[in-house]
Amino acid sequence: MEKLFDKALADFVNDMASGDAIRHMADRGMTVCEIAEHLSFPTEKSRIAKTVWKHYIDTGKIRLTPPESGRGRKVSYVKEEGPYGRVSFRQVVEELPAQEVEYIRCDFGKQLYKDEGGFRKKLQILSETDRDYILDLPWPLTDVWHILDERMKRILGIRK
C-alpha cells in the first residue's frame, strides 16, 4: 500500500512540476527528446513519453479505436495569472468538423516488436526528429489512428 502511495505522490509531483510544460511542448511539435532537453525539472524520458502519449490520446491526436465520424479536437492553451501572480496555462479544446480531420492507421508498435532492427533500419531515411517521434513514444502492439498531419505525411512518405 505504501508503494502505491509513493508512486501516486511521485506522479503528482512530476505532473505539477512539469506536466503542463510537457503537454505544451508536445502541442508545439517537440519530440520526447527535445522536451527532455528543455525541462528545468529533472524528468525521466519514459515519464515524459507517457505524459505525451496520454495527452495525444486525450486530445484526439492519436486514437486507439477507428474514428467514427472523422471529428477531431484542436487543443490550445491560454496563459492565466492567479491572484498572487502565479502563472498557469488553461487548456482550451475546440471540436473540429469532420472535413478538417483525417486519420491514418499506424502499426509502429507491431513493427518494432516483430523486427526491431529492421524497423530501426527502415527509419534511418527519416530526419532525426521524425525518427525520435516514432521511437520515443510507447506505441502499443495494436493498430492506432494518428491525425494525418505534416509530420505523419513525412514519416509515411505521403505526398499530397
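Helices (H or I, at least four residues) and strands (E, at least two) are DSSP runs, numbered from the N terminus. The structure is a predicted model, in which local features need pLDDT of at least 70 and side-chain atom pairs count only at pLDDT 80 or more, while totals for chains, interfaces and linings use all residues. Residues are numbered from 1 along each chain as its sequence is written, and side-chain values use heavy atoms, with hydrogens and water left out.

The chain contains seven helices and five strands, arranged along the sequence as α-α-α-β-β-β-β-α-α-α-β-α. Of its 160 residues, 36% are buried (under 20% relative accessible area, with exposed over 50% and partly exposed in between; 1.4 Å probe, protein chains only). Contacts are defined by heavy atoms within 4.5 Å; of those between residues at least 6 apart in sequence, 59% join residues at least 24 apart.

An open antiparallel sheet is formed by three strands in the order S1-S5-S4, where pairing requires at least two DSSP bridges between two strands. Strands S1 (62–63) and S4 (103–106) lie at the edges, each pairing on one side only. The antiparallel pairing of S1 with S5 (residues 144–147) extends over two bridges, and Arg 63 stands opposite Trp 145 in S5.

Helix H3 (residues 45–59) includes Thr 51. Thr 51 is buried, since its relative accessible area is 18%. Apart from residues up to four places away in sequence, Thr 51 touches Gly 19, Ile 22 and Arg 23. The side chain of Thr 51 also reaches the backbone oxygen of Arg 47, at 2.9 Å.

Technical notes: A polar contact is a pair of N or O atoms within 3.5 Å; within protein, one must be able to donate a hydrogen and the other to accept it, and residues adjacent in sequence count only if both atoms are side-chain atoms.
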